[in-house]
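Hi everyone, thanks for making time this morning. Let me put the structure up on the screen, and then we can walk through it together.

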Amino acid sequence: MQTPDDMEPPKVDLYHEKQVKELCALHALNNLFQDKKAFSKKDLDEICLNLSPECFINPHRSLLGFGNYDVNVLMAAVQTKDCETIWFDKRKDIRCLSPDNIFGFILNTPSDYKWGFFHLPFKRKHWISFRKIGDAYYNLDSKLESPELIGDNNLLLDYLQSELHEGDKELLLVVSEDIANSGLWKHAYNNLENGQLNSVHKTEANDNEVSNGKENSTSKPVLQSIDDL
């Protein structure tokens, strides 16, 4: 298996937005869909208002309206692209996922809060998108100077697994509506014994099994903070 150091960077055209203010959710979405016009701050602000139209202080963004959008805004935004978000239960083996059937990944990770050059003593959340472009996956973190090459499916899963083992991080899967409904974003396995995944042969996906346990296809945004995931 090749490592990123062994691989020659493929010549692909990558779109990469860099961090501005508290707009990491906007950057993560545009980087995920590889389109600077996929969403604007105005689009996400409108989603915030639609989610809580009667709230004087909107709970889905920062108090001053500079960004810092929560998970509900991302979920609703993704749905406008005929996709769904699925929360991955990080207690499970990440190799139950089928990356070829997943459009992209969004990682939510704690981030230091700074005011100018000063670090304040509390954390906020940062959104990072990952996407396969050409033959390889890339880390499209808006805090990077440029996209970071990860590699093939196995290297991606290893990378995400290591990230989930570090601190309070959560992983969202972005899939098409058809994949969300069929459950094909994960392999047809349901038992983990002695490190061996036992195949369960099925001809049809059961909607109840798709939404069973901690992994839920988000057909409608659930009004909850990412901290509640």
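I'll start with the overall layout, then go to the cores and finish with some salt bridges.

Please keep in mind that this is a predicted model. The chain has six helices and eight strands, and from the N terminus the order is α-α-α-β-β-β-β-β-α-β-α-β-β-α. There are 229 residues, and 44% of them count as buried.

Now to the inside. The largest nonpolar core holds 28 residues, and the ones touching the most other members are Leu 29, Phe 39, Leu 44 and Trp 127. Helices α1, α2 and α3 each supply at least two residues to this core, as do strands β1 and β6. Take Leu 44: leaving aside neighbours within four places in sequence, Leu 44 is in contact with Leu 26, Leu 29, Phe 39, Tyr 69, Val 73 and Ala 77. Apart from that core lies another one, of 23 residues, including Ile 94 and Ile 150.

On to charges: the structure has nine salt bridges. In one of them, Arg 95 meets Asp 158 at 2.2 Å, N to O. Arg 95 sits in the loop between β1 and β2, while Asp 158 is in helix α4, so this pair ties together parts 63 residues apart in sequence.

Arg 91 pairs with Asp 89, with the closest N and O atoms 2.9 Å apart.

Lastly, Glu 163, Glu 166 and Lys 169 are linked in a salt-bridge network. Lys 169 is buried, at 10% relative accessible area, and Glu 166 is partly exposed, at 46%.

Notes: Residues numbered from 1 in each chain as written. Predicted model: local features only at pLDDT ≥ 70, side-chain atom pairs only at ≥ 80, totals over all residues. Heavy atoms only, no water. Helix = DSSP H or I, 4+ residues; strand = E, 2+ residues; numbered from the N terminus. Buried < 20%, exposed > 50% of the residue type's maximum accessible area, 1.4 Å probe, protein only. Core = buried A, V, L, I, M, F, W, Y, C linked by side-chain atoms within 4.5 Å. Contact = heavy atoms within 4.5 Å. Salt bridge = Lys/Arg side-chain N within 4 Å of Asp/Glu carboxyl O.
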